[in-house]
Amino acid sequence: MTALQDKPAMPVEKASGSVVATLFRFQSVFGLLAVFVAAIIFSPRRDGAILFLSADNLANVVRAVSEIGIIAVGMTFVILIGGIDLSVGAVLGLAAVGSAVLMVESDWGFLPSIVVVLAIGLVFGALQGMATAMIGIQSFIVTLAGLQIARGLARIWSDGQGVAIAYGDGPNEAPSTFALLGERTFGGLVPIPVLIFAVVAIAAVVFLRISAFSRHLYAVGGNEKAARLSGVPVIRVKIAVFAICGLLASLAGIVHAVQLNQGSPNDGIGYELDAIAAVVIGGTSLAGGRGSVAGTVAGALLLGVLNNILALNNIDSNIQLLIKGLVIVAAAALQRLRPAS
């Protein structure tokens, strides 16, 4: 009789487990929604209107997120294979300096400058991937050295100074086409950097869903030895992943330069930490093998909303750092509690 009474509880337990698994799977989305609602509640008002929900403010939120978001997409690929890339902020600075120097001081055209700057990031990332995959040096050490190298190259290229970007057709002026990347579209509501971020994110999501490479990527992150024994080209996967990360860091550098109208060797300091934070908050495991670009996008937006509402309320910058740190720790703790899939 007791056994018969216990049986009906099993579907309830399964349903409960399914709900918990769903909550963990979409932790970044639920976190974003919670922070968004909190931002509405605690937003300052002006003439009865909620400042946080104003069109200009929301546009500023996503514009501010665009650079970190682009970098974080590339970082997601690296972390999925169990690696890390600490050089992305410095590569962004190198790309920003390169964009400014080539177009302003060397009088290069828009397209050649963009192609060369993107190629620099691609090659820089690929070299780091080769050092990690072929020589066997841990990615933490390789990219820490890469951070110093990229920052040094940026300072040499710019003579240690920021290079201002003015637009026009004359000497020492960047092409007006470059300025368009910093404009807004759709009636002035959507900044073009946000569209660039959206295209990168959508392309990455589709790529990870339909490509054979994505299966190799998750296999390497899940168990590198087993992946190698299964015929996965581990070395090529690692090199390709770091190359993608370097390419996207350079793209973010171009966006950064056009938004600030300058390229400085000090640009991008600390951006690698924000990118890693977005990836972790998005639910990607630092151990590799589990995560998604969609989660990273939600994580980046969560940080953007949090930064914005704290700034709107004039919260001390030191307190802002403390709050962001606690959010990152909470996200990491949730990963530890997440049931095995």
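**Group meeting talk: a walk through a predicted model**

Hi everyone, let me start with a helix. Helix α13, residues 271–281, is mostly covered, with nine of its eleven residues buried. The buried ones are Tyr 271, Glu 272, Ala 275, Ile 276, Ala 277, Ala 278, Val 279, Val 280 and Ile 281. Have a look at what comes after it, too: α13 is followed by Gly 283, and that glycine has a positive phi, near 95°.

Before I go on, please keep in mind that this is a predicted model. Everything I say today is about that model.

Now let's step back to the whole chain. How many helices and strands are there? The protein chain has 15 helices and six strands. Its C-alpha trace spans about 90 × 65 × 35 Å along the principal axes. For 341 residues, a compact globule would come out near 20 Å, and the protein chain has 22 Å, which agrees.

On burial, 46% of the 341 residues count as buried. The accessible surface comes to about 16,500 Å², and carbon and sulfur atoms account for 66% of that. As for contacts, take those between residues at least 6 apart in sequence: 75% of them join residues at least 24 apart.

Next stop, the surface. There is a nonpolar surface patch here of about 980 Å². Its members are Leu 122, Val 123, Leu 127, Met 130, Met 134, Ile 135, Ile 137, Phe 140, Ile 141, Leu 144 and Ile 235. Which helices supply at least two residues each? Those are α6, residues 110–135, and α7, residues 139–158. Helix α6 gives the most, with six residues. With a relative accessible area of 53%, Met 134 is exposed, because the cut-off for that is over 50%.

Let's move to the charged side chains. The count comes to three salt bridges. One of them brings together the side chains of Asp 56 and Arg 184, at 3.7 Å from N to O. This pair links distant parts of the chain: Asp 56 is in helix α4, residues 55–80, and Arg 184 is in strand β4, residues 184–185, which puts them 128 residues apart. How covered are the two partners? Asp 56 is exposed at 52% relative accessible area, and Arg 184 is partly exposed at 33%.

For the other bridges, please find Glu 224. Its side chain meets that of Arg 228 in a salt bridge, 3.1 Å from N to O. Both residues lie in helix α11, residues 224–229, four residues apart, or about one turn of the helix. Glu 224 also forms a salt bridge with Lys 238, where the closest N and O atoms are 3.1 Å apart. Here the partners sit in two helices, Glu 224 in α11 and Lys 238 in α12, residues 234–260, so the pair ties together parts that are 14 residues apart in sequence. Taken together, Glu 224, Arg 228 and Lys 238 are linked in a network of salt bridges.

Is Lys 238 buried or exposed? It is buried, because its relative accessible area is 12% and the limit is under 20%.

Last topic, the aromatics. The structure holds five aromatic pairs. Let me show you Tyr 167 and Phe 178: their ring centres are 6.4 Å apart and their planes stand at 40°, so this pair is tilted. Tyr 167 lies in the loop between β3, residues 163–164, and α8, residues 176–179, while Phe 178 is in α8 itself, so the pair ties together parts that are eleven residues apart in sequence. Tyr 167 is partly exposed, at 25% relative accessible area, whereas Phe 178 counts as buried, at 0%. There is also an aromatic cluster to look up, formed by Phe 77, Phe 207 and Phe 213.

Conventions:
Residues are numbered from 1 along each chain as its sequence is written. This is a predicted model: local features need pLDDT of at least 70, side-chain atom pairs count only at pLDDT 80 or more; totals for chains, interfaces and linings use all residues. Side-chain values use heavy atoms; hydrogens and water are left out. Patches are made of residues with over 30% relative accessible area and no salt bridge: like charges are joined within 9 Å, nonpolar side chains (Val, Leu, Ile, Met, Phe, Trp, Tyr) within 5 Å. Accessible areas come from the Shrake-Rupley method with a 1.4 Å probe; for residues, only the protein chains shown count as cover. A salt bridge is a side-chain nitrogen of Lys or Arg within 4 Å of a carboxyl oxygen of Asp or Glu. Buried means under 20% relative accessible area, exposed over 50%, partly exposed in between (1.4 Å probe, protein chains only). The radius of gyration is taken over C-alpha atoms; the globule rule is 2.2 Å times the number of residues to the power 0.38. Contact means heavy atoms within 4.5 Å. Rings of Phe, Tyr and Trp (its six-membered ring) pair if their centres lie within 6.5 Å; planes under 30 degrees apart count as stacked, over 60 as edge-to-face and the rest as tilted.
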